[in-house]
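With the model open in your viewer, follow the stops below in order, selecting the named side chains as you go.

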Amino acid sequence: MSTLETLNFDNLALRSLPIDPETKVFPRQVPGACFSKIKLSPVENPILVCHSSSALSLLDLKETEIQEKNFCEYLAGNKLIPGSEPAAHCYCGHQFGYFSGQLGDGAAMYLGEVVNKKGERWEIQFKGSGLTPYSRTADGRKVLRSTIREFLCSEAIFHLGIPSTRAMTCMTSDSRVVRDIFYDGHPIHERCSIVLRIAPTFLRFGSFEIFKPMDPETGRKGPSVGKTDILIQMLDYTVKTFYTEIWDQFKEDKQKMYLEFFREVVRRTARLVAEWQCVGWCHGVLNTDNISICGVTIDYGPYGFMDSYDPDFVCNASDDGGRYTYQKQPEICKWNCEKLSEAIQEAIPLSQTDKELGIFDEEFSRHYTQKMRKKLGLLNTELPEDGLLVEKFLETMNMTGADFTNCFRCLSRLPLPGSSNYDAAVAELTEYILSQCATVEEMKMTCKPTMDPRQLQMFMTLMQTNPGILNALGRGLSAFTKEIEKMEKSKQLQDLTQKSKTEADKKLWTEWLTQYTERLKLEVKDGSDLESASKQKSEVMNSVNPRFILRNYIAENAIRAAEKGDYSEVQRVLKLLENPFGEAGDLNNLSDLSLGGSSSTTDADSAGAAGTSGTTSKGDNSKTYGTAVQYDSKPPDWAQDLRVS
């Protein structure tokens with residue numbers, strides 16, 4: 001095993017790609033370079049909030065390493081890990097559909113690449129580590145709430161079996177930065193915090209957009225436009241290092257190699273978003289600079305797992321136009337693949353790459369359908385109608401406001417038709433699903449306006465007096481349209497009683513369960529042992545339908561405790577997320593855990609959980625935070641007001 005002082009660094013990226021000759025750190029355009037060397041920015045009194053044992057092992061580090069004297073100094077950026085070479089990566093990006101020009105690692109820091117004893121290469125990176133040439137007007141820092149969210153979700157997504165960057169440590173400190181939590185002119189001081197991230201690479205689609213010519217819509221261009229030699233250098237490095245089979249097979253024919261590389265990137269991206277859809281997870285900011293070139297989930301900001309199923313679910317409160325809703329994620333990821341093809345067209349023409357974009361739809365459909373069939377326990381036969389059964393299930397959840405995760409999970413309780421207790425199991429399952437449907441009051445809460453009343457009134461006036469100008473408002477118009485839809489739905493709910501809703505919900509679910517029963521009958525083989533087959537079905541379903549996900553209210557509860565200096569809930573939630581498919585007894589085991597690690601003795605912060613990549617709630621919920629959390633339940637009432645941006 002290694003120690004932090006003896007990690008096997010081999011910083012191939014810095015040897016293979018051009019480095020900015022300017023060594024001073026100040027905001028600037030960086031032409032002709034992929035990395036800028038930077039220096040560490042220390043913090044006061046660094047302290048460990050949480051760590052991932054399995055992520056430590058990727059670097060051959062022992063669990064006991066966290067107890068070493070300099071561990072916190074190294075992982076907070078106060079001391080340079082021997083062999084590391086801090087640098088910031090230059091990239092561009094299309095943000096919310098528009099090219100933004102140079103972006104880069106404004107709050108992240110490449111430390112180097114560690115090759116472990118298995119021969120695996122892992123890039124390690126700080127996030128929240130201070131100023132870089134790409135910080136623009138920001139301070140390069142992250143705060144405790146956003147760092148905890150990044151740490152927990154990185155590990156949650158990985159343990160759900162979805163490709164992801166990893167998070168090894170979450171650190172905080174006594175250093176402070178000013179944040180205006182609610183953007184209302186009342187800034188507060190929050191703790192500087194740092195997460196150490198691990199990935200094969202943090203190259204992204206936007207890495208290749210530094211060569212983009214001037215965009216006609218925004219007037220911006222990449223800092224390295226016209227430098228095709230660097231584009232070729234980046235492509236060769238990427239394929240040789242991360243797509244070795246393609247390199248070995250096609251390195252003598254570069255055009256063929258680049259095409260096969262592009263095809264595989266499209267496939268991986270399609271499979272990745274299919275996995276997100278199957279667990280009801282939204283990224284929140286699917287800009288081209290947030291899409292990995294290796295098909296792993298990166299950059300955890302305003303993400304969110306759906307509670308009640310809603311195809312138009314928006315997890316990012318800043319996404320007022322609804323560009324990145326749950327149902328739009330696949331088409332947006334495909335659009336991003338199109339932008340990648342444009343970014344590399346000086347190496348391989350669009351005439352070759354564009355016609356390969358159809359691979360995305362094929363791969364997404366194949367992977368999504370295959371996973372959904374497992375989630376419904378359809379293991380022995382494959383029918384064209386299975387897709388319709390899935391769609392009807394989702395539609396029924398949407399109409400009844402049912403919980404996405406819990407409804408999928410509970411289906412494993414049904415044995416195969418013909419079992420002696422089947423009818424009783426259906427009746428019991430129906431009652432449980434009804435308990436997971438939204439109440440009338442909950443549905444009314446979701447229809448509450450989120451737009452400022454004055455802004456809403458302005459749009460209403462414009463619509464009546466000058467409707468033609470509305471089309472020029474872009475995302476603002478989309479936000480207004482959604483508010484109108486909410487108002488209309490709110491009117492429809494005014495006279496709805498809980499009794500009538502429950503009756504309607506029961507009818508809808510009875511209809512679907514009847515269809516599901518008929519489909520399950522086709523899974524029964526003549527002469528098969530129903531008990532054994534039912535058990536196998538249940539085991540498969542429970543291996544792909546998580547019981548525990550990182551719901552916003554679970555993260556919020558842990559954040560509130562951490563901001564008061566108690567990190568035990570963050571550690572407890574991590575243990576929960578490391579076993580997302582666990583059974584009933586796991587919650588009891590969790591409550592008995594002796595969780596070591598750090599806790600702060602400093603005064604509680606006055607900050608709420610809100611703001612950039614954090615959770616917001618303006619209500620006074622002090623009586624609810626810190627109480628016992630039902631980790632596998634529908635969200636409590638106070639969670640309705642949580643917003644992430």
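## Aromatic rings

Begin by selecting Y309, Y326, F393, F404, F408, W509, W512 and Y516, which ring pairs link into a cluster. Rings of Phe, Tyr and Trp (its six-membered ring) pair if their centres lie within 6.5 Å, and planes under 30 degrees apart count as stacked, over 60 as edge-to-face and the rest as tilted. This is a predicted model, in which local features need pLDDT of at least 70 and side-chain atom pairs count only at pLDDT 80 or more, whereas totals for chains, interfaces and linings use all residues. Residues are numbered from 1 along each chain as its sequence is written, and side-chain values use heavy atoms, with hydrogens and water left out.

The structure holds 18 aromatic pairs. Select Y237 and F242 next: their ring centres are 5.7 Å apart and their planes stand at 90°, so the pair is edge-to-face. Y237 is buried at a relative accessible area of 7%, and F242 is buried too, at 14%; buried means under 20% relative accessible area, exposed over 50%, and partly exposed in between (1.4 Å probe, protein chains only).

## Charges over rings

Now show R166, whose charged end sits over the ring of F158 at 3.7 Å from its centre; the criterion is NZ of Lys or CZ of Arg within 6 Å of the ring centre and within 35 degrees of the ring normal. Then move to R413, which lies over the face of Y432, 4.1 Å from the ring centre.

## Salt bridges

A search of the whole structure finds 39 salt bridges, each a side-chain nitrogen of Lys or Arg within 4 Å of a carboxyl oxygen of Asp or Glu. Select D361 and K334, which meet at 2.6 Å, N to O. D361 lies in helix α10 (residues 358-375) and K334 in helix α8 (residues 329-343), so the pair ties together parts that are 27 residues apart in sequence.

Finish with R560 and E556, whose side chains form a salt bridge at 3.4 Å, N to O, and which lie 4 residues apart in helix α19 (residues 552-563). R560 is buried at 14% relative accessibility, and E556 is buried at 0%.

Technical notes:
Helices (H or I, at least four residues) and strands (E, at least two) are DSSP runs, numbered from the N terminus.
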